[in-house]
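Please read it beside the coordinates.

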Amino acid sequence: MSRDKIIIEAPAIVMVRNKCRLQSEITYQGDKYNIFYEYDKKYADYICDETCDPFLLIMYATAIYIDADIVCKGPVTKQLYYQITHYHMPLLAASIDAYHVIDISAELVSEVPSDNLTNTAALFSAGVDSFYTLLGRLGKDDDAYNPITHLVFNNLGALTKELDTANVLFEEKVRRIAAIADGFQLELVAVNSNILEITSDLPGAVSSPDFYKNAGAVYGLKRLFGTCYWSSAGGIAPGAF
């Protein structure tokens, strides 16, 4: 019996008031959703709509949990595809019974280069792990890594499973994190998303903002950064299924 398929259409950039969305129509369990990453419009020139990478990443945990293949109607970066299919997916499926090895169908292309290789982002929630990254790397330019220049805060399902409530909490937390960014003289990139339209009914281990969903938000703004840090106290474990 063939698996269900999640179909990811080629992404497009859509302007919505003072925001800029990277958006894809995603077919999931027979229904179509316009899923987006939403950035401030000042980042419009840095948004990468050449590949499906951000949306492959945002749907990845869902697909391997429900055992559905992914069909990307736009291209996917060769390196990302190889890392997922040859390393990450087999490791997760071997370690966690709830996850499956699936097929990912896409045209493979070379990586879109960054226009700002010296810009370094740190994914930041104002928790212990992200402060560890910030304080550990802040101002360090004496080795192979550039100092942190941006904090990135994403609304990808951590605050609640209810989308409207998540948006309200996101705006409140953006204001608090903006004050932290100002204190460290760093630029804050706040990224909103409506992925809870799809994931709200899934277990927390699937709907939570794992590192692939967070990576997807950064991939969408890939031209802005050369490096991105993400710290987490969590490891590969059975999760909250």
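1. Arg-3 and Asp-67 are joined through their side chains by a salt bridge, with N to O at 2.7 Å; the term stands for a side-chain nitrogen of Lys or Arg within 4 Å of a carboxyl oxygen of Asp or Glu. Arg-3 belongs to the segment before β1 (5–8) and Asp-67 to the loop between α1 and β5 (69–72), so the pair ties together parts 64 residues apart in sequence. Helices (H or I, at least four residues) and strands (E, at least two) are DSSP runs, numbered from the N terminus.

2. The model is predicted: local features need pLDDT of at least 70, side-chain atom pairs count only at pLDDT 80 or more, and totals for chains, interfaces and linings use all residues. Residues are numbered from 1 along each chain as its sequence is written, and side-chain values use heavy atoms, with hydrogens and water left out.

3. Arg-3 also forms a salt bridge with Asp-69, where the closest N and O atoms are 3.0 Å apart. Asp-69 sits in strand β5, so this pair ties together parts that are 66 residues apart in sequence. Asp-69 counts as buried at 10% relative accessibility, whereas Arg-3, at 30%, counts as partly exposed, as does Asp-67 at 25%. Buried means under 20% relative accessible area, exposed over 50%, and partly exposed in between (1.4 Å probe, protein chains only).

4. Glu-50 and Arg-223 form a salt bridge whose closest N and O atoms are 2.1 Å apart. Glu-50 is in the loop between β4 (31–40) and α1, and Arg-223 in the loop between α7 (211–219) and β12 (227–229), 173 residues apart. Glu-50 counts as partly exposed at 35% relative accessibility; Arg-223 is buried, with a relative accessible area of 15%. Salt bridges with shared partners join Arg-3, Asp-67, Asp-69 and Asp-103 into one network. The count of salt bridges comes to 10.

5. Helix α1 covers residues 53–66 and reaches 20 Å from first C-alpha to last, close to the expected 20 Å (1.5 Å times one less than its number of residues). A kink of about 45 degrees is centred on Met-59, the bend being the angle between axes fitted to the seven residues ending there and the seven starting there. Of the 14 residues of α1, 12 are buried, including Phe-55, Met-59 and Ile-64. Just after α1, Asp-67 takes a positive phi of about 65 degrees.

6. The chain has 7 helices and 12 strands, and buried residues make up 46% of its 241 residues.
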